Amino acid sequence: MSPKLVIHIGSPKTSTTSLQSLLESLDIEGFMYGGCLQPRSAKRPSLVSDIHRSIVNRDKDSIKELSDSIKVALESKEIVLLSEEMFLVHENRMGVKEKLQELYDLIGDLRTEVLITVRNPSKGLPSLYQELYSNLPKDLQEDFSKFCYSDYALSFRYPELDMLLKDLGFKNIRYVSFDSLVSGNLTLGSFLNSTLEQFNFALSLPKLNEGAKDITGRRQLVKSSRSKRLVKKLIKMKPSFLPNMGLSRKIPQGKDRSTSSVNIDFTIPPSIIEAHSVFSLKELSSE
């Protein structure tokens with residue numbers, strides 16, 4: 001069978017960090033991991049991070065070079081795996097649909113499978129909302145239900161996402177359940193849809209990126225003032241016009257009088273739950 005490219009695009013909040021950490025550590029004949037490297041804060045370059053950055057920056061020359069890099073890798077590997085959930089994260093610079101269109105154009109006629117981890121929206125959406133909260137438009141910060149129907153939450157509206165991928169031209173789309181992934185019983189072979197013997201071992205994910213919760217187990221959101229966020233951003237940028245007045249020491253260490261706890265109703269819209277249930281029965285029944 002010819003070599004194939006597997007692109008794991010999330011969803012976010014489906015143990016992607018743990019999965020990527022594990023995949024990076026693997027040294028298997030015929031396998032190349034070119035996905036995101038954890039922790040992201042280390043900013044280590046990878047094939048997929050270069051691809052995502054070039055797509056968002058609309059750097060056509062780099063995109064062509066990276067496409068060629070994938071083709072070269074497939075000449076010596078059975079499977080090349082790219083894992084990056086940012087393709088399903090809406091950004092001001094580029095939305096999810098445009099990202100996926102550019103990704104499809106990049107892979108061209110390569111034998112490709114798109115892989116998506118499916119998690120119950122009632123668990124995943126509150127976690128995603130918490131992570132994106134500080135950068136969301138005000139109307140979405142104030143209305144969780146509206147957030148659930150926005151482009152920011154498309155990654156958990158699986159039927160809609162599936163239709164979008166197919167409309168863009170992706171043909172081989174596979175879904176793996178989040179529960180199966182974190183159970184410790186799923187083999188790498190099953191994850192990659194490969195019967196090669198070297199992939200026949202169970203995936204045991206490390207526990208990373210636990211969400212912030214209070215003593216009752218409920219999620220906490222902290223709302224920071226716009227002025228404070230601006231000052232922090234300026235300090236990080238270190239512009240020449242900003243004199244050093246000790247702000248970089250005062251802001252992190254001083255008492256934060258501009259933040260407040262936010263109470264959010266995390267009820268998922270029934271239509272999203274119902275659509276997920278039907279979709280899961282159809283796409284995950286064979287697991």
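**Reading burial, salt bridges and strand pairing**

Biologist: Why does Arg 58 count as partly exposed?

Modeller: Arg 58 has 43% relative accessibility, so it counts as partly exposed. The label applies between the cut-offs of 20% for buried and 50% for exposed. Please keep in mind that this is a predicted model.

Biologist: Which residue forms a salt bridge with Arg 58?

Modeller: To read a salt bridge, look for a side-chain nitrogen of Lys or Arg within 4 Å of a carboxyl oxygen of Asp or Glu. Here the partner of Arg 58 is Glu 98, and their closest N and O atoms are 3.0 Å apart. Glu 98 sits in helix H4 (residues 96–107), while Arg 58 is in the loop between H2 and helix H3 (60–74), so this pair ties together parts that are 40 residues apart in sequence. Glu 98 is partly exposed as well, with a relative accessible area of 32%.

Biologist: Which residues do salt bridges that share partners join into one network?

Modeller: Lys 4, Glu 113 and Arg 174 are joined in that way. By the same cut-off, the count for the model comes to 15 salt bridges.

Biologist: How many residues apart are Asp 50 and Arg 53 in helix H2?

Modeller: They are three residues apart in H2 (residues 47–56), which is about one turn of the helix. Asp 50 and Arg 53 form a salt bridge, with 2.5 Å between the closest N and O atoms. Asp 50 is at 21% relative accessibility, so it counts as partly exposed. Arg 53 is partly exposed too, with a relative accessible area of 44%.

Biologist: And where do Glu 131 and Lys 13 lie?

Modeller: Their side chains meet in a salt bridge of 2.7 Å, N to O. This pair links distant parts of the chain: Glu 131 is in helix H5 (residues 121–132), and Lys 13 is in the loop between E1 and helix H1 (16–25), 118 residues apart. Lys 13 counts as buried because its relative accessibility is 19%.

Biologist: Let's turn to strands. Which way do the residues of E1 point?

Modeller: In a strand, check each side for cover. Lys 4, Val 6 and His 8 point one way from E1, Leu 5 and Ile 7 point the other way, and all are buried. E1 (residues 4–8) is therefore described as mostly covered, with five of its five residues under the 20% cut-off for buried.

Biologist: Which strands do bridges join to E1?

Modeller: Five bridges join E1 to strand E3 (residues 79–83), and the two run parallel. Four bridges join E1 to strand E4 (residues 112–118), again running parallel. Val 6 has a bridge partner in each: Leu 81 in E3 and Glu 113 in E4. His 8 stands opposite Ser 83 in E3.

Biologist: Are the faces of E3 covered or exposed, and which other strand pairs with E3?

Modeller: Both faces are covered: Ile 79, Leu 81 and Ser 83 on one side, and Val 80 and Leu 82 on the other, are all buried. Strand E2 (residues 31–33) pairs with E3 in the parallel sense over three bridges. There, Tyr 33 stands opposite Leu 81.

Key. Residues numbered from 1 in each chain as written. Predicted model: local features only at pLDDT ≥ 70, side-chain atom pairs only at ≥ 80, totals over all residues. Heavy atoms only, no water. Buried < 20%, exposed > 50% of the residue type's maximum accessible area, 1.4 Å probe, protein only. Pairing = 2+ DSSP bridges.
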